[in-house]
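Subject: Handover of a two-chain model

Dear colleague,

Please find the structure below, together with its sequence.

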Amino acid sequence: MKCGGFRVSYRADERIFDTTVPIVTLVVFLGLLALVPGVASTYWLDVLNRIGIAVIGALGLNILVGYTGQISIGHAAFLAVGAYSTAILEAKVGLPFYLAIPVAALVTSGFGLVFGIPSLRLKGLYLAIATLAAHFITTYGIIHWESMTGGVLGFMVPPATVFGLSLESDGRIFYLIYALVVPATLVTKNLFRTKVGRAFIAIRDRDVAAGVMGVSLFRYKLLAFLISSFYAGVAGGLMAHHSRILFPDAFTLLVAIDYLAMIIIGGMGSILGSIFGAVFMTLLPEVLKLTATSLTGVYPQAFGLIASTRDVVFGLAVIFFLTYEPQGLARIWVRVRSYWTLWPYSY
Amino acid sequence: MSEQIVFMLQLVITGIAVGGVYSLMALGFVLIYKASSVVNFGPGELVLFGAYVAWATILQMRLPLYVALPLTLVVAILLGLVIERGVLRPLIGEPIIAVIMVTFGFASVIRGVLNMTWGSDTRPFPTLFSPEPFHLGPVPVSPVHLWSFVTVMVLLAAFSLFFRFSVTGMAMRATADNQQVAQSLGVSVKWVFALSWCIATVVSTLSGIILGSVRGGVDFSLADLGLKVFPVVILGGLDSVAGAIIGGVLIGVLENLSGGYLDPILGGGVKEVAPFVALVIILMFRPHGLFGKVEIERV
């Protein structure tokens, strides 16, 4: 049994997995995940798909906000650019999805670079306000560039096909989504073992100090925006294929706030936290919906109150976590786990 | 006078009237920022709250106006106290992202509670003024706009006098200037924080009431108007009361002129986005705005 970390080389210190147990657990977990579409109902598959998309988006936002410390309220705009470019590349240019999603993610990265330029001059709340403005400008563009985006009427996305197999059903798109969630998570994990990732963390902790130590703020701040928006582009592309019809309404300011809430509730600067946060925020409305359904017998108006209950619970959760558990669910998870690792001698 | 000039003057006058309300909202925002360096990202929800409570007291409970308005303001003060005590005080000294998110959090709670209590339908708001427009020279002006502007100006003047001459106002200015020095001179900084939130909720409520009577109804789209305070405070300078007032009027005029002249060319909605385009441009060239304090930090 493991009862402490005794590392004698830097190599051992940098290893992702200390022992083989987590590797086996992970492989078994992924194996079980691959079997899910066979057994799960359409409803739960849909929820799982949305969780997968949210995980990629939250990872991207966590790289920017949690690890680099650049506050962005423009994540919904990144998602929108990713989703609409995927849709346009497929429907108007005729690219297959496996080219369209990466190209769209690159387009979103370029867009993220433009978003990031103010971060060179602005910090903290000024940057937050600048990204807020950029969000509104982007939304305006999407609504009014009707010839490209379909405006408020929406944009139909053709189903993704691979080797003549249409990925129309929730069960098939599930594999596409999770085939991207796994590498996205691994890349993020590895990013913070490299020079680039450490530069990000240095900028977050104190940008002036990082600059003095020779970290190029110009390069790494823009790089953080670029990587973050690449993730958002992929998540947006998957959204386009998951919902198959795009409306500007799917990318409001509330979506950006939801994503920020994900990384706060899950845990800022934590990969596990991004996943927990994405699961929490996606399941919250579903749990409320199920509760409302079971309550309709006693209290007939319950169903009409879901949206407002969600707002209240969401707000209270954000306030609670910021006040009592600023490192989020990931921290709670670590605490619970270490309690059981040392049980019954934990104190 | 030619028709074009009348058209332009009309846009400018409406802009000034609407901008006055923005000034009032921005005043609340700036006070909080000056006193406690908290950026309130839920200004719209405070406006919404005020408008709904006013609607409930005037039309739902059918109280006479001289009871309903003070009651609404008392409720607003209570809300300010709850927010300051319950939500923001535990977060003093936390990183900016935490403070920003917590304001999003309580905004969401307010929205949810309002929605639960009164639903999301548009509620008719009492029209406090006659709808008949009168003429200022050749330009027709609606009384609602004129009275809202007059009310706003009276309120702003009252607040300026309060900050200038009253002991409390001076304590607030001292705290904004330097918290530690103010505290060592016997100013209760905690009380100043609470007071600035109360003033902010009161002015937001008043802007909610004015906006409600200008539009003749309240619904949740009022909250979107609240976000216009960001262009206003960035233009005026985040920590400048005078900047908030002038910025509000300028942004009001800008959005009306751009809406009036560019909407036919660009196909609608310019009014909503123009203030934010201005915001980005100001941030790029003059981040501290017209009257804000310049902070210099170089590597």
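The notes below take up each chain, then the contact between the chains, and then the nonpolar core.

This is a predicted model, in which local features need pLDDT of at least 70, side-chain atom pairs count only at pLDDT 80 or more, and totals for chains, interfaces and linings use all residues. Residues are numbered from 1 along each chain as its sequence is written, while chains are lettered from A and ligands numbered from 1 in the order in which they are written.

Chain A

Chain A has 15 helices and four strands; helices (H or I, at least four residues) and strands (E, at least two) are DSSP runs, numbered from the N terminus. The radius of gyration of chain A is 21 Å, close to the 20 Å that the globule rule gives for 347 residues, so chain A is as compact as a globular protein of that length. This radius is taken over C-alpha atoms, and the globule rule is 2.2 Å times the number of residues to the power 0.38. The C-alpha trace of chain A spans about 60 × 55 × 45 Å along its principal axes.

Of the 347 residues of chain A, 44% count as buried. A residue is buried if 20 or more other C-beta atoms lie within 10 Å of its own, exposed if 12 or fewer, and partly exposed in between, with C-beta atoms placed from the backbone.

The mean pLDDT (the predictor's confidence in each residue, from 0 to 100) of chain A is 89, and 97% of its residues reach 70 or more. Within chain A, confidence is lowest in strand E3 (residues 165-166), at a mean of 74, and highest in helix H3 (residues 42-67), at 95.

In chain A, the buried residues of H5(A) include A:Phe97, A:Ile101, A:Phe111 and A:Phe115. The buried residues of H5(A) pack against helix H4 (75-93), helix H6 (124-144) and helix H11 (217-243) of chain A.

Chain B

Chain B has 12 helices and four strands. Its radius of gyration is 19 Å, close to the 19 Å that the globule rule gives for 299 residues, so chain B is as compact as a globular protein of that length. The C-alpha trace of chain B spans about 60 × 55 × 35 Å along its principal axes. Of the 299 residues of chain B, 49% count as buried.

In H5(B), the buried residues are B:Val144, B:His145, B:Ser148, B:Phe149, B:Val152 and B:Leu156. Among the elements that cover them are H1, strand E3 (139-141) and helix H8 (189-215) of chain B.

Where the chains meet

The contact takes 36 residues from chain B and 39 residues from chain A; two residues are in contact if their C-beta atoms, placed from the backbone, lie within 7 Å. On the side of chain B that touches chain A, the largest share, 16 residues, comes from H4(B). That side divides into 27 nonpolar, six polar and three charged residues. Here Ala, Val, Leu, Ile, Met, Phe, Trp, Tyr, Cys and Pro count as nonpolar, Asp, Glu, Lys and Arg as charged, and the others, Gly among them, as polar.

The nonpolar core

A nonpolar core is a set of buried Ala, Val, Leu, Ile, Met, Phe, Trp, Tyr and Cys residues joined through C-beta atoms within 7 Å. The largest one holds 192 residues, and those touching the most other members include A:Ile56, B:Val30 and B:Val233. Helix H1 (residues 3-36) of chain B gives the largest share of this core, 15 residues. Leaving aside neighbours within four places in sequence, the contacts of B:Val30 include B:Val233, B:Leu238 and B:Ala244.

With kind regards
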